[in-house]
Amino acid sequence: MVKEEEDSSNRPDNTAFTQQRLPAWQPILSAGIVIPGFVLIGLAFIGIGVGLFLTSRDIQVLEMDYTGADGSSPCSVCYNLADKNCVCTMSFSIDSLIKGPVFFYYGLTNYFQNQRRYGVSRDDKQLYGDTSNFASPNSECAPYQYISNVPIVPCGSVANSMFNDTFELFKNVNGQSLPVPLDGKGIAWWTDYNVKFQNPNVTPLINAFNGTVRPPFWSKNVYELDTTDASNNGFINQDFLVWMRRAALPDFRKLYRRITDGDYSAGLPAGNYSLKIHYNYPVNGFGGKKKVVFSNVSWMGGKNEFLGIAYLVIGSLCVVMSVVMLIVYAKFKFPEDN
Amino acid sequence: MGSVVACCSSLCGTQKKQEEERHLRANDRTFNQSYNYAKNSIKTSKYNVLTFLPLNLFEQFTRLANAYFLFLLILQLIPQISSVPWFTTAVPLVAVLSITAVKDANDDINRHKCDKQVNNRKVDVLINGELKKEKWMNVEVGDIVKLESNHFVTADLLLLSSSEPLNLVYMETAELDGETNLKVKQALTVTGEMGDNMEALSMFRGEVRCEPPNNRLDKFKGTLTMNGQNYGLDNNKVLLRGCTLRNTEWCFGLVLFGGPDTKLMQNSGRTTFKRTSIDHLMNILVLCIFGFLATLCSIMTISHALWEEKEGSAFSVFLPRQPGVDIPLSSFLSFWSYIIVLNTVVPISLYVSVEMIRLGNSFYIDWDRKMYHPKSDTPAQARTTTLNEELGQIKYIFSDKTGTLTQNIMTFNKCSIHGKNYGELFDFSGQRVEITEKTERVDFSWNQLADPKFVFHDYSLVETVKEGNPEAQAFFRLLALCHTVMPEEKKEGELNYQAQSPDEGALVTAARNFGFVFRSRTPESISIMEMGMKVTYELLAVLDFNNVRKRMSVIVRSPEGKMSLYCKGADTIIYERLHPSCSKLMEVTTGHLNEYAGDGLRTLVLAYKDLEESYMEGWRQRHHEASTALEGREERLDELYEEIEKDMILLGATAVEDKLQDGVPQTIEQLAKADIKIWVLTGDKQETAENIGYSCNMLREEMKEVFIVAANTAEGVKEELQNARKTMCPEAAEKALVIKARGGLFWLKKTETVEDEKVDEEYGLVINGQSLAFALEKDLELELLRTVCMCKTVICCRVTPLQKAQVVELVKKYKRAVTLAIGDGANDVSMIKAAHIGVGISGQEGMQAVLSSDFSFAQFRYLQRLLLVHGRWSYLRMCKFLQYFFFKNFTYTLVHFWYAFFCGFSAQTVFDDWFITLYNTVYTAAPVLSLGLFDQDVNDRWSIRYPQLYSPGQLNMYFSKKAFVGCIMHSCYSSLILFFIPWAAMHDTVRDDGRDIADYQSFALLAQTCLLVVVSVQICLDTYYWTAVNQLFVWGSLAIYFAVTFTMYSNGMFFIFTSIFPLIGAARNSLNQPNVWLTIFLSSLLCTLPVLAYRFVLIQIRPAITDKVRCKARKGLPEPAPRRPYTRRISTRRSGYAFSHAQGYGELVTSGKFLRIKSRPALFPKTDTPVVETLPQHYRTITEEREDG
């Protein structure tokens, strides 16, 4: 009876929430959990580390610098870009088969694609084929927004500075140079190719670019990037897409071609090769380096030994730490009384 | 119009340098207005409609954080600098400002209402010879007002005349000083003659010159000039605002001080906005963080300049400079850009979250059923919602006594009659039975005149009295005769006593119920009913009480003509004056007295003496001479009293219980265990205070010594304090060691601290108000502080409200400690306001204390739960919250810093813009809030079982500058991991199909995912108490993160907002890569494993008390055993206290002039004496509307 009277009173509600009695789990760092936990984590890490390390070790990488900054390099003639359309050839040999599929990268160092002002200097709407932005590009593109009031398409520093060295690879067999087929498709992200970059819905494509001008550094118009293949032309040219995906770090490599076709589907066999380089891209100004890389991949991507080693080191540290903690626990083991 | 005048006058009042003397003339407004005295309106509000917005905004922007965010907002509006959109700062800022503004407005509206209510009370004012009802605020200095019974006193008044004989009025001053007994004030005869003659009163042109407004309640000095004659005025002729008129039909008064000048208002300290020590620390930290931020940005600026010089100029082939921006300018701009990027070290959500957590924790206090008092239907209330965590850091508690520790109810509990102890119950085996509410009460129905509310449990006493035991009868006869109580019998048999002290009322009521009913008195006689028979004694003399005598006696002649002296008083005093034949009885009685004292009861010893007619005649003759002597009257009377009060026969002893509130000793014991020092500051007299000190276990027998400081001069006080200090700590330095330092914002505040000095034994100290006044002077305050802080227990008695506040201020000033003041009456208001935390006892009529308090509840014992449970949890939660919050933001921000070294110091953020916007507000907000609202290290039972758990809060252990530095180090480590592990793992790597994964967008996604996982894991490590809500929030936040990320990186969003969501596809293309997940896994473990290991090792090597208790709680040991019963202490200290606070009423009783007036049945026709009230004494408040008005 008394209980019922209380309902009308100021007595606070008796719920687990208001009385702070919510059911809860209260874990504590007991030796029984922490020490075996460290051992287990350590062992697991060592396991993963070994796996990663072995995998990474199996990846074959062939890296060649062709900047030509030092005189010994065959491309040193082109280094100062005195000569337009300078071509140099590098010869190299492969001792054992590089298992396919082999990827052909170009790399740049000391190149700040991740500069804030560089990064924003583009117009995603333009690249998405929005013709209204052809006439008036994004103001962030400045100073590559207009050339004497004619809008630049594609505008901005990123597009303007597109990498324009081209490579041809030959296999030297009995004094003959056989071209190695290079696949320039499938080197960009699917989403970039299909979603993010779109040509304007105008045929022929060239009409869309009336009243615009190409970026000042470009020798070709964007609608002439690949005249042989409409699906690789304009904004959806895959070399262009690869460049437009700006790198996170100042030293980066970008995929140039895949070597998957014909005789080379199993990889690059041992032998002598020559790489013919059309040297156009200036790097001497900022002290950058250019390189080409031939590499295959594993389930965990490209060659990167860091992860494997890190896992191994940390796994071992965990095990060591668990021993230390065991000693501490045995020695101190805080007293049970108050 | 009136308000304008009032406003002007109050303005002028403040401008006026210092009023030196107040000069006013009755009934002459023009004369008085020339002085611009404050009118009687009061103003406690801060804003009005017009000033609210500017003032409030100004106040808010004086908060460092708000100003900072305003500044950031302005920065972000500059396009050259802006690296993040402006609304990311604006929206939360506006939200914060408006929430605070609404809260402030609401508070101020309440204050306005309250002011208005008080200002609009009506009172009769004499204007142009007529009484007019006027509002209080329109009353002016020099007006004559008429008060009626139970009215509040309008302003500080000079009493002119009253309806009562001798121009007496009776005042209740509980609101002012907490004393509940009535005070008598008497008007000058010259003014009293005017009575209620309107003509005379309106012609009255007396001029008063008196002291300027001040806050001394017990002093008043002035002169009244009337018809060329000067009359001295003292405190006894002044009625103070805040008091209530009682038992007086009407009285007239002349307004001396109005509104803000009244002693009540002068005594209530200014309303200051309280901030917690964590707030102060936070401000300092925020300032440090600004410095840190500026340092980071400067590093960035210099590096930017170097980079631009070395790399940037060369790279300008591909990235030309903006026109007109050279390297210095670009560096300058980059400074501000980095300020924006790195501003998240002080996120605005910090302040909002802190407020939310405090609000939540305040609600827990409101909701706590264990702090709900069913009898008065009062739940606890957190009136200020910004001070919670400080409840977990209290070091000093200042408590009022009456109404806070005690219920202010006296009950006659036990007695010892002729060596036999009564009042306790024993079962068959002779064990003492505890008396509870259910114990059967003695039936007094045989006695028609018995007080039905009187409770007694021991039947044997009734039997003894009924049997006619002569000692028992003499015992109660004495109680019925020897006192100064006034009876009132409105109807036959309905007796009411008006006693000046509740103790005396309790004793007389006891006698009444045991058949010796005191019925009426005249100046020459006392009539009592002795076991149903009316007997009238002739009252020959009253040997009154005073502080030196500590006893009172009456000499009466019985109808049979036998003359006797009845005496009651303090045991030590009476024992010296007993007849040697009583020595045996004395021993037994002493045993009983010790027992009573051990129970914390107030004891009195009763003795009598039969007198010879012959001797008496001579004595009376001399008595008459002495009492009419002009010189040395007091001394001569004392001598006479001394002479007759000897060789008395011991009758027995009484024990009266000053009823403590429930659970007070236990609470005090608990709080003492938590290392909280409790000081009692009371207006009561020393003996009472001391006695309560014993009964609530603050003063203990084990204490080495209890010092009494009661000197009357500054030198005396100094000497006593020094002696006490030297006794406690002989090796202590003569001079107090004051550590001077600078603290606070910009180190502008000078601080002086006095360290605690170590004392091995436990000591107590009792100091009275007079000594305290000297000790609080500038030159003695350090001495006082040092001595007092060495003692375990400090009791200050007879202190004024202002002194209470001064004591609190003293401790606040020199001790870096958090103080709490608890009280129930208006006299505690200043103390409540002065302390860091003020607690009011609610559930009673008086609201003054509650209104100015920060927390309120109905019973003192809830303090234990408030501090040990809510306070501790709040502190723990706040500290954990802050620590975690700073961790998560520093970690997050520093990643940008490391990235700067790889992106040309260009203020490029690592994370995606949307992640930056949502990180603090969405992704990490809920889990950290749940940490701040639900976490508990051990549950409430364990918290109370181990009060020691409280000490980390007092020592600021969970969050301090040191902890903050630790937190930053941890963040640096984590951010390094969070940047460099992804950096190393992604360097030159590609997807498993050879395509790009080391691009900026994928890297951003990877880094932010790592960060979010790490901060989520970290909060899991920090959480002690995993409720479902915590789990839900942590997992939910992660889920929301992935959901939002996938949504924002989806085709659809890109189609709709092409330029806003450029990260299309990044999630799909990188989160399906095993090495991305391996990187996330690696970095999160690398961040958490060292923390785990460190904590584990720390628990093993240096376990904190929390770890121990947690371990205990986990082992599932039985819940804390019920506390052992409260053991009785063996005590030899006693206090005889059954007398009034002041000199007794003996003179008044025997003078008898007014008793002859037929119209007046009794002196104190108050309906209830405290003893017969079962409810605690109600205090009336000046802010509440009169019910009968």
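Predicted model: local features only at pLDDT ≥ 70, side-chain atom pairs only at ≥ 80, totals over all residues.
Two strands pair if DSSP finds at least two bridges between them.

## Between the chains

Strand β1 (residues 24–25) of chain A and strand β38 (residues 1026–1027) of chain B run antiparallel and are joined by 2 bridges. At this pairing, W25(A) stands opposite W1026(B) in β38(B).

The size of an interface is often given as the accessible area lost when the parts come together. Here chain B and chain A bury about 8900 Å² between them. Carbon and sulfur atoms account for 63% of that area. Three residues of chain B, F318(B), R369(B) and F1096(B), supply 10% of the area that chain B buries against chain A, more than any other three residues. The contact involves 94 residues from chain A and 102 residues from chain B.

Polar links also cross the interface. The count between the chains is 35 residue pairs in polar contact, with both residues at pLDDT 80 or more. Helix α38 (residues 1074–1101) of chain B gives the largest share of the side of chain B that touches chain A, with 17 residues. That side of chain B divides into 55 nonpolar, 22 polar and 25 charged residues. There are 3 salt bridges between chain B and chain A. One of them joins the side chains of D996(B) and K254(A), at 3.8 Å from N to O.

## Backbone exceptions

Most residues other than glycine have a negative phi, and most peptide bonds are trans. The residues and bonds tabulated here depart from those patterns.

| Site | Feature | Value |
|---|---|---|
| G100(A) to P101(A) | cis peptide bond | omega near -5° |
| A142(A) to P143(A) | cis peptide bond | omega near 5° |
| A907(B) | positive phi | phi near 65° |
| N956(B) | positive phi | phi near 60° |

In chain A, P101(A) lies between β4 (98–99) and β5 (102–108). P143(A) lies between α5 (132–135) and β6 (146–147) of chain A. In chain B, A907(B) is placed between α28 (862–900) and α29 (913–923). N956(B) sits between α32 (951–954) and α33 (961–986) of chain B.

Are A907(B) and N956(B) buried or partly exposed? The cut-off for buried is under 20% relative accessible area. A907(B) has 1% relative accessibility, so it counts as buried. N956(B) has 33%, so it counts as partly exposed.

## A buried arginine

R551(B) belongs to strand β25 (residues 551–557) of chain B. The relative accessible area of R551(B) is 2%, so this arginine is buried. Which side chains does R551(B) contact? One is that of E642(B), in a polar contact of 3.1 Å. Another is that of E645(B), in a polar contact of 2.6 Å.

## Two covered strands in chain B

Strand β6 (residues 168–172) of chain B is mostly covered, with 5 of its 5 residues buried. L168(B), Y170(B) and E172(B) are buried on one side, and V169(B) and M171(B) are buried on the other. β6(B) has antiparallel partners. With strand β7 (residues 182–186) of chain B, the pairing runs over 5 bridges. There, Y170(B) has V184(B) as its bridge partner.

Strand β23 (residues 525–530) of chain B is largely enclosed by the rest of the structure, because 6 of its 6 residues are buried. S525(B), S527(B) and M529(B) are buried on one side, with I526(B), I528(B) and E530(B) buried on the other.

β23(B) also takes part in antiparallel pairings. Strand β22 (residues 516–522) of chain B is joined to β23(B) by 6 bridges. In that pairing, F516(B) has E530(B) as its bridge partner. β22(B) and β23(B) form a hairpin with 2 residues between them. Strand β24 (residues 533–543) of chain B is joined to β23(B) by 6 bridges. In this pairing, I528(B) stands opposite V535(B). β23(B) and β24(B) form a hairpin with 2 residues between them, and M531(B) in the turn has a positive phi of about 45°.

How values were computed. Residues numbered from 1 in each chain as written. Chains lettered and ligands numbered in written order. Heavy atoms only, no water. Contact = heavy atoms within 4.5 Å. Buried area = accessible area lost by both parts, 1.4 Å probe. Salt bridge = Lys/Arg side-chain N within 4 Å of Asp/Glu carboxyl O. Polar contact = N/O pair within 3.5 Å; in protein donor to acceptor, adjacent residues only side chain to side chain. Helix = DSSP H or I, 4+ residues; strand = E, 2+ residues; numbered from the N terminus. Nonpolar A, V, L, I, M, F, W, Y, C, P; charged D, E, K, R; others polar. Buried < 20%, exposed > 50% of the residue type's maximum accessible area, 1.4 Å probe, protein only.
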